[in-house]
Amino acid sequence: MPQGRRRNPTGRRVVSSPNGTQAVDRAARLLTEVVHAPGSVTFTELAAATGLAKSTTSRLLLALERNGLVRRDDAGRFRPGEMFVRFAWRGGAEAGLTEVAQPYLDRLGADTGETVNLGVGRDGMVEQIAQVDSEYLIGATNWLGRAVPLHCSAAGKVLLAHGAAKLPPGRLERRTEQTITSRAALEAELAAVLERGYAVIDGELEPGLVAVAAPVRRDGGAVVAALSVSGPGTRLTPPRIADVAAACMAQAHGLSAVLGHRAERPAPRGEYPAPHGERPAPRGDGSPRLAHAAQGPAPQGPAAQEPAAQGPAAQEPAAQGPAAQAQAAQARREGGA
């Protein structure tokens, strides 16, 4: 029988070619190696394991990557792609979330220099399941495995606002003088979280601790986790929170896309909320903001090293509210404005 021809079980002749069933078989071998590997695997390891030429391996891996069947990490090594992640999440499984989320936590940590956490709701609390440590000595707290109340943590407010967690019955614990302990006041705060697109705490969990959190969604839009950035209020000042919120939302959006969520990136709206008990100062346009949020431009730091955007967004006055700054920062990251 001529090369490239074979008979299928029905007796009919089937012609295979490098661009037909043979290519599919080779791609399947590569995919099997990636899926069965205990961790990420290099290009060289894949070529050696399958016995394929490097040019063939490269071409097939590019095709698999384009179709979401494999993905590359920041080191260029290969892992199972988005399609496998989405399939695993059909049942709402939490397994594997930390591994998928790690590159997004790493990028957010590099952007801000602060402690980054991934939190999920568990037994009426927030449990941190992944963390990137702060580059600073002050604020480098290990939150892994620690359960904190929903009502006074940024991640908890995100989960509550989106119905991904429920408050336990009874009184709300007062952790500091800034903790919201009224359920009515908390409901108003959660409505503001939905309006802004992210949550903020300022001294509500621990004195001097500031945190920002954004929702992580799966296919269908359900919130399954919260991505947060935390640090001392001496560094996370209201002007800088605008940049941190934009960075946090951008990485949460990217992680959500991997989990199958395909909605447009939400733009942060509203204003940075005044700390509990402090009245916001009025703006010229009638909307509220913190009086000290207008004191000059945001400090320079890891989250503020993007090149200035060209156009109207770059010409807005430095005294604009933090949420407007967050919109401008987010636009700069998307290459627009």
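Guide: Helices are DSSP runs of H or I with at least four residues, and strands are runs of E with at least two; both are numbered from the N terminus. The model is predicted.

Visitor: What share of the residues of the protein counts as buried?
Guide: The cut-off is under 20% relative accessible area. The protein has 337 residues. The buried share of them is 45%.

Visitor: What part of the accessible surface belongs to carbon and sulfur atoms?
Guide: Start from the total for the protein, about 16700 Å². The part that belongs to carbon and sulfur is 51%.

Visitor: Which element gives the most to the largest nonpolar core?
Guide: That core holds 33 residues, and Leu 105, Leu 118, Val 216 and Leu 227 touch the most other members. At least two residues each come from helices H5 (97-112) and H8 (238-258) and from strands S5 (115-122), S6 (125-132), S9 (209-217) and S10 (223-232). With 9 residues, the top contributor is H8.

Visitor: What is the N to O distance in the salt bridge of Arg 240 and Glu 114?
Guide: Arg 240 lies in helix H8 and Glu 114 in the loop between H5 and S5, 126 residues apart. Arg 240 is buried at 7% relative accessible area, and Glu 114 is buried at 0%. A salt bridge needs nitrogen and carboxyl oxygen within 4 Å. Here the N to O distance is 2.9 Å.

Visitor: Which residues do salt bridges that share partners join into one network?
Guide: Begin with the bridge between Lys 157 and Glu 204, 2.9 Å from N to O. Lys 157 is in helix H6 (residues 154-161), and Glu 204 is 47 residues away in the loop between S8 (199-202) and S9. Lys 157 is buried at 1%, as is Glu 204 at 6%. Shared partners give a network of Lys 157, Glu 189, Arg 196 and Glu 204.

Visitor: Are Arg 72 and Glu 65 buried or partly exposed?
Guide: Their side chains meet in a salt bridge, 2.6 Å from N to O. Arg 72 has a relative accessible area of 41%, and Glu 65 has 27%. Buried would require under 20%, and exposed over 50%. So Arg 72 and Glu 65 are partly exposed.

Visitor: Which residues form a nonpolar patch on the surface?
Guide: A patch member needs over 30% relative accessible area. Met 83, in helix H4 (residues 82-88), has 42%. The patch has about 240 Å² of accessible area in total. Its residues are Val 35, Met 83 and Phe 84.

Terms used:
Residues numbered from 1 in each chain as written. Predicted model: local features only at pLDDT ≥ 70, side-chain atom pairs only at ≥ 80, totals over all residues. Heavy atoms only, no water. Patch = residues over 30% accessible without salt bridge, like charges linked within 9 Å, V, L, I, M, F, W, Y side chains within 5 Å. Areas by Shrake-Rupley, 256 points an atom, 1.4 Å probe, with all protein chains shown as cover. Buried < 20%, exposed > 50% of the residue type's maximum accessible area, 1.4 Å probe, protein only. Core = buried A, V, L, I, M, F, W, Y, C linked by side-chain atoms within 4.5 Å.
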